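Dear colleague,

I am passing on the structure below, together with some notes on what was found in it. Please read the notes alongside the coordinates.

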Amino acid sequence: MSIGYVAYLLLALVVVMFLSAAIRILREYQRGVVFTLGRFTGVKGPGLIILVPFIQQMVKVDLRVVVQDVPPQDVISRDNVSVKVNAVLYFRIVDAERAIIQVEDFMAATNQLAQTTLRSVLGKHELDEMLAERDKLNSDIQEILDQRTDAWGIKVSNVEIKHVDLNESMIRAIAKQAEAERLRRAKVINADGEQQAAAKLVEAGKMLAAEPQAMQLRYFEALHDIAGERSSTVVFPLPVDLLSQFMKQQGK
């Protein structure tokens, strides 16, 4: 009786071990690349997967978006400025078969490819373009990476440049350049204001010359403004036409 009980117990144990080795459950975002005696036989999942123990093996693949940080890279721009640039990479697996069979470690391969592509693309641009045209650079890097990783079954959805670090001397040079640009704009604005003011004065002079009474009114308004300042010095503006009349009388 005891021998039969032990036999049944061993049989149940074998069945449990067989089922535990044969049954796999994959989540919605997972796929299983199945190999039978070392040969690829298909991609399965999600849900319940039945494998033949010791004959079939399965490699799980996660299809969710992977966010990977690209370490800071030393880049020399086209105008010979040395900067450190790092970025963040977003990608996901769209073909589990190629991601497992075509490349040994798709995570490491994608990261290394992103580093070399980052240095290559940014080295073709000047520093001003790196700072002002990040969207265009991100798009160029993403397009190149997506083309090169397509053979691995990987889709690169986005690349974002996070930081462009400059040394202190270059920061000071950029600050001086920005200050000089602001001074230039201020001088141009001031010159434009002087030009517009001169044009308005010429127009006002023509209007006053056409109406002598208007000139007399401006004379009284000037006296009113001087009186309101309460200054110890009083200046009386004298019309030029009055002086001309006086000079004519002296000539006679």
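Asn-138 is buried, at a relative accessible area of 6%, where buried means under 20%, exposed over 50% and partly exposed in between, with a 1.4 Å probe and protein chains only. This is a predicted model, in which local features need pLDDT of at least 70 and side-chain atom pairs pLDDT 80 or more, while totals for chains, interfaces and linings use all residues. Residues are numbered from 1 along each chain as its sequence is written, and side-chain values use heavy atoms, with hydrogens and water left out.

Asn-138 belongs to helix 5, helices being DSSP runs of H or I with at least four residues and strands runs of E with at least two, numbered from the N terminus. Leaving aside residues up to four places away in sequence, Asn-138 touches Val-159, Glu-160 and Ile-161, contact meaning heavy atoms within 4.5 Å. The side chain of Asn-138 also reaches the backbone nitrogen of Ile-161, at 3.1 Å.

Elsewhere, strand 2 (residues 30-36) and strand 3 (residues 39-44) run antiparallel and are joined by five bridges, and two strands count as paired if DSSP finds at least two bridges between them. Thr-36 has Arg-39 of strand 3 as its bridge partner, and in this hairpin, with two residues between the strands, Leu-37 takes a positive phi near 55 degrees.

Best regards

Methods: Polar contact = N/O pair within 3.5 Å; in protein donor to acceptor, adjacent residues only side chain to side chain.
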